[in-house]
Amino acid sequence: MDIPNFHDGHFDGFWIGSNKELHLFLRTNHGESFTIALRGVDALTLSEIKQGNIIFDIVLRSGEQLTGSDIEELFGVEAGTSHTSALLKTKSGMGLQVLEINASYGAHGLVLFQTIDVEQAL
């Protein structure tokens, strides 16, 4: 799945649905609006949401690329524990994906999910 280049774009908000669904509303630095729909959300963390959020980049990774740091952030577990290792082993083998939002200013986070759709707003 190709994700548009959102470097220096904006994180405009999000909507959490009732069926493990998350919609992220983003704009490129040229003002093009997109909705990223993530389905089968297993875990989510978003923080530092501020007025005027500026995106550094958005990274899409496979579940096999999950790290202990990802597990710590997503599930609030302590680093280096057996619980962290067990979660990492379980989650990395579930066929999930990771969306990572890195900020220049404001919102950043991680989402562990099953499927993704990217739609440009008209």
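Reader: Happy to look at this one with you. Before we start, what does contact mean here?

Author: Good place to begin. In this predicted model, two residues are in contact if they have heavy atoms within 4.5 Å.

Reader: Thanks! With that cut-off, which residues does Ile54 touch, not counting residues up to four places away in sequence?

Author: Ile54 lies in strand β5, which covers residues 54-62. Setting aside residues up to four places away in sequence, its contacts are Asp8, Gly9, His10, Ala103, Ser104 and Tyr105.

Reader: Is Ile54 buried, partly exposed or exposed?

Author: Buried would need a relative accessible area under 20%, and exposed one over 50%. Ile54 has 27% relative accessibility, so it counts as partly exposed.

Reader: How far apart in space are Ile54 and Asp70, C-alpha to C-alpha?

Author: In sequence, 16 residues separate Ile54 from Asp70. In space, their C-alpha to C-alpha distance is 22 Å.

Reader: Let's turn to the rings. How many aromatic pairs are there, and is the pair of Phe6 and Phe34 stacked or edge-to-face?

Author: Ring centres within 6.5 Å make a pair, and the count comes to two aromatic pairs. For Phe6 and Phe34, the centres are 5.6 Å apart and the planes stand at 90°. Planes over 60 degrees apart fall in one class, so Phe6 and Phe34 are edge-to-face.

Reader: Which parts does that pair tie together, and how many residues apart are they in sequence?

Author: Phe6 is buried at 2% relative accessible area, and Phe34 is buried at 11%. Phe6 lies in the segment before β1 (10-16) and Phe34 in strand β3 (residues 33-39), so the pair links parts whose separation in sequence is 28 residues.

Reader: And what kind of pair do Phe11 and Phe14 form?

Author: Phe11 is buried, with 3% relative accessibility, whereas Phe14 is partly exposed at 37%. Their ring centres are 6.4 Å apart and their planes are at 35°, so the pair is tilted.

Reader: Which residues have the most contacts inside the largest nonpolar core, and which strands each supply at least two residues of it?

Author: That core has 18 residues, and those with the most contacts inside it are Phe11, Leu24, Leu26, Leu38 and Leu99. The strands that each supply at least two of its residues are β2 (21-27), β3, β5, β6 (97-105) and β7 (108-113).

Definitions and conventions:
Residues are numbered from 1 along each chain as its sequence is written. This is a predicted model: local features need pLDDT of at least 70, side-chain atom pairs count only at pLDDT 80 or more; totals for chains, interfaces and linings use all residues. Side-chain values use heavy atoms; hydrogens and water are left out. Helices (H or I, at least four residues) and strands (E, at least two) are DSSP runs, numbered from the N terminus. Buried means under 20% relative accessible area, exposed over 50%, partly exposed in between (1.4 Å probe, protein chains only). Rings of Phe, Tyr and Trp (its six-membered ring) pair if their centres lie within 6.5 Å; planes under 30 degrees apart count as stacked, over 60 as edge-to-face and the rest as tilted. A nonpolar core is a set of buried Ala, Val, Leu, Ile, Met, Phe, Trp, Tyr and Cys residues joined through side-chain atoms within 4.5 Å.
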